[in-house]
Amino acid sequence: MFLEKYLSEFYFNQVLDNYDRGYLNTLDEENFILIYNLFKKYNFYFVDDIVLNYLEIFSQDVDFVLEKIKYLKDKLGDKFNYKIGYDMSYLNVF
């Protein structure tokens, strides 16, 4: 399973506990990487937490995710990623 390459052992084991292996096997690694890097580009310092709690975001279209990130940035202001880090429920827009 490719997620092991991107997550620490702790987070990987938590993902295995939180999600069905059948679902995890349906994830596309290339799409995952694109979205993972998109979050990194916008300085989301808690990407592993997003993977753990909102893994379904990584199966979305990259352009859709970018649109939602820009929406959150406009809505929350310059420190939007810190606000989201404090309250990840903002990610429910995805």
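Of the 94 residues in the chain, 39% are buried, where buried means under 20% relative accessible area, exposed over 50% and partly exposed in between, with a 1.4 Å probe and protein chains only. Keep in mind that this is a predicted model: local features need pLDDT of at least 70, side-chain atom pairs count only at pLDDT 80 or more, and totals for chains, interfaces and linings use all residues. Numbering runs from 1 along each chain as its sequence is written, and side-chain values use heavy atoms, with hydrogens and water left out.

**Fold and dimensions**

- The chain has 6 helices and 0 strands, counted as DSSP runs numbered from the N terminus (H or I, at least four residues, for helices; E, at least two, for strands).
- Reading along the sequence gives the pattern α-α-α-α-α-α.
- A compact globule of 94 residues would have a radius of gyration near 12 Å, and the 13 Å of the chain agrees with that; the radius is taken over C-alpha atoms, and the globule rule is 2.2 Å times the number of residues to the power 0.38.
- The C-alpha trace spans about 35 × 25 × 20 Å along its principal axes.
- Among contacts with a separation of 6 or more, 65% come from residues 24 or more positions apart, contact meaning heavy atoms within 4.5 Å.

**The nonpolar core**

- The largest nonpolar core holds 34 residues, and those with the most contacts inside it include Leu3, Phe39, Ile50 and Phe58. Such a core is a set of buried Ala, Val, Leu, Ile, Met, Phe, Trp, Tyr and Cys residues joined through side-chain atoms within 4.5 Å.
- Two or more residues each come from α1 (9–18), α3 (29–41), α4 (47–53), α5 (62–76) and α6 (80–86), and α3 gives the most, with 5.
- Not counting residues up to four places away in sequence, Ile50 touches Phe39, Phe44, Leu55, Ile57, Phe58, Met88 and Leu91.

**Phe94**

- Phe94 lies in the segment after α6, and it counts as buried because its relative accessibility is 16%.
- Beyond neighbours within four places in sequence, Phe94 is in contact with residues including Phe39, Ile57, Phe64 and Leu72.
- Phe94 and Val62 are 32 residues apart in sequence and 11 Å apart in space, C-alpha to C-alpha.
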